[in-house]
Amino acid sequence: MYTQLPFDDLQVDPTQKKRIAYFYDADIGNYAYGAGHPMKPHRIRMAHSLIMNYGLYKKMEIYRAKPATKQEMCQFHTDEYIDFISRVSPDNLDLFAKEQLKFNVGDDCPVFDGLFEYCGISGGGSMEGAARLNRGKCDIAINYAGGLHHAKKSEASGFCYLNDIVLGIIELLRYHPRVLYIDIDVHHGDGVEEAFYTTDRVMTCSFHKYGEFFPGTGELRDIGVGKGKYHSVNVPLRDGIDDSTYKSIFEPLITKIIEWYQPSAIVLQCGGDSLSGDRLGCFNLSMEGHANCINFVKNFNIPLMVLGGGGYTMRNVARTWAFESGLLNNVKLPTELPYNEYYEYYAPDYKLDVRSSNMYNQNSPIFLDKILTSIITNLENTKHAPSVQMNEVPRDAEDLGDVEEDTQMALDTKGGSEFARDSQIEPDNEYYNDLDKKEKNILTKDEEMEIDQLNNAQEK
Ligand SMILES: [Zn+2]
């Protein structure tokens with residue numbers, strides 16, 4: 001079943017116009033996990049700087065989202081976990097010895113200054129992105145501060161505290177009968193898979209390194225349970241996968257899944273640690289190999305949310321997310337980097353490129369054939385029977401429900417798969433957050449520059 005495809009130049013159609021809502025909060029780059037920690041939110045600011053200096057702000061609507069509130073976070077997470085995250089700080093850490101253990105906060109997931117605000121920015125972008133997609137206000141929403149796929153209902157994990165992806169998908173489920181989640185981070189998207197493991201309203205598909213690698217889950221045979229059976233797809237890969245091999249498994253699989261599941265919205269986690277030369281990763285994708293996934297998914301013309309994720313060689317993550325933002329706008333950005341405030345990071349070549357290396361690809365065609373055959377056979381032998389019929393969906397501002405009531409509903413139904421019980425999903429469609437309040441936060445180019453300048457001044 002597996003056929004090795006050639007890796008051709010990426011194609012864009014400049015006549016195709018997508019409405020893109022890009023979410024960015026200039027504060028994000030100021031948060032720091034601590035000296036020596038591989039996760040550096042600064043890479044999001046570097047990507048943003050490239051995106052701006054390449055002129056993509058002329059093509060997209062740029063927003064600063066309202067940070068997610070505690071109540072919003074608790075649509076997935078437990079109250080006591082979010083309460084802890086909101087109160088703990090490096091100064092009062094010794095008062096929370098028991099909680100640190102319970103909520104898995106410590107080495108990988110340290111408590112740093114502004115942790116709660118950081119989570120709020122990440123979650124706010126994904127929730128507002130979802131809300132704009134719901135209202136048909138954009139075709140694509142981008143939030144590179146999101147994509148934190150390891151966070152659990154009441155536990156931090158793998159540098160992730162708040163699962164913005166689950167929160168964004170919950171928002172999409174208010175309007176969308178079926179949401180497809182695709183994860184190309186080098187690590188398994190365990191937090192998102194776990195949240196939706198028992199429902200057929202969300203299909204998750206994660207491509208990741210498997211075998212003696214964090215977080216240790218994501219076997220081929222993990223396919224979901226109950227109503228969620230066949231709605232979790234895992235593609236466990238070995239070290240050194242290259243562009244054409246990744247394309248040859250990604251494209252046929254995603255085509256099959258979309259054909260079978262017919263999602264009405266897609267969430268794509270674009271973790272940059274699957275790139276060649278990543279500080280923690282072990283794959284061998286070039287920038288174009290990574291970006292091919294984004295370009296391929298975009299071409300299905302299904303409402304799309306694009307999120308960040310891992311990525312620990314900052315200059316390459318920034319390059320790749322900038323290049324991918326270009327593709328989403330149907331532009332292939334020129335290779336010569338524009339001058340920007342982080343220009344020195346891109347020495348010595350100052351090019352928009354991440355090259356693959358000569359590392360050995362441990363993924364043989366026989367191995368990949370086994371994976372592809374297993375997954376596609378599962379899907380072909382099962383007729384997809386969506387359990388939820390979406391009836392009328394409110395489209396107008398006049399239809400907005402009571403916000404308090406909406407929140408109460410969300411709180412009542414909090415928690416992983418539980419919230420997805422069908423009886424509770426349909427009434428949810430009758431309510432809607434007042435987006436207009438949030439939309440005030442749109443930034444002009446001048447405001448953007450001003451904020452950037454302020455940030456730079458602070459750093460110096
Ligand atoms: Zn990762």
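His-187 lies in the loop that joins β4 (179-183) to α7 (190-195); helices (H or I, at least four residues) and strands (E, at least two) are DSSP runs, numbered from the N terminus. The model is a predicted one, in which local features need pLDDT of at least 70 and side-chain atom pairs count only at pLDDT 80 or more, while totals for chains, interfaces and linings use all residues. Residues are numbered from 1 along each chain as its sequence is written.

The unreviewed UniProt entry annotates Asp-185, His-187 and Asp-273 as "binding site". They are spread over 89 residues of sequence, yet their largest C-alpha distance is 8.1 Å. UniProt annotations may be inferred rather than shown by experiment.

A residue is buried if 20 or more other C-beta atoms, placed from the backbone, lie within 10 Å of its own. Two of the annotated residues are compared below.

| Residue | Loop | Other C-beta atoms within 10 Å |
|---|---|---|
| Asp-273 | β7 (265-269) to α9 (287-298) | 24, buried |

Beyond four places in sequence, the contacts of His-187 (C-beta atoms within 7 Å) include His-208, Phe-214 and Asp-273. Asp-273 in turn has Asp-185 and Tyr-312 among its contacts.

Strand β7 is largely enclosed by the rest of the structure, because five of its five residues are buried. Ala-265, Val-267 and Gln-269 point one way from β7, and Ile-266 and Leu-268 point the other way. Strands pair if DSSP finds at least two bridges between them. β7 pairs with β4 in the parallel sense over five bridges, and four bridges join β7 to the parallel strand β8 (residues 304-307).

Key. Contact = placed C-beta atoms within 7 Å. Buried ≥ 20, exposed ≤ 12 C-beta atoms within 10 Å, placed from the backbone.
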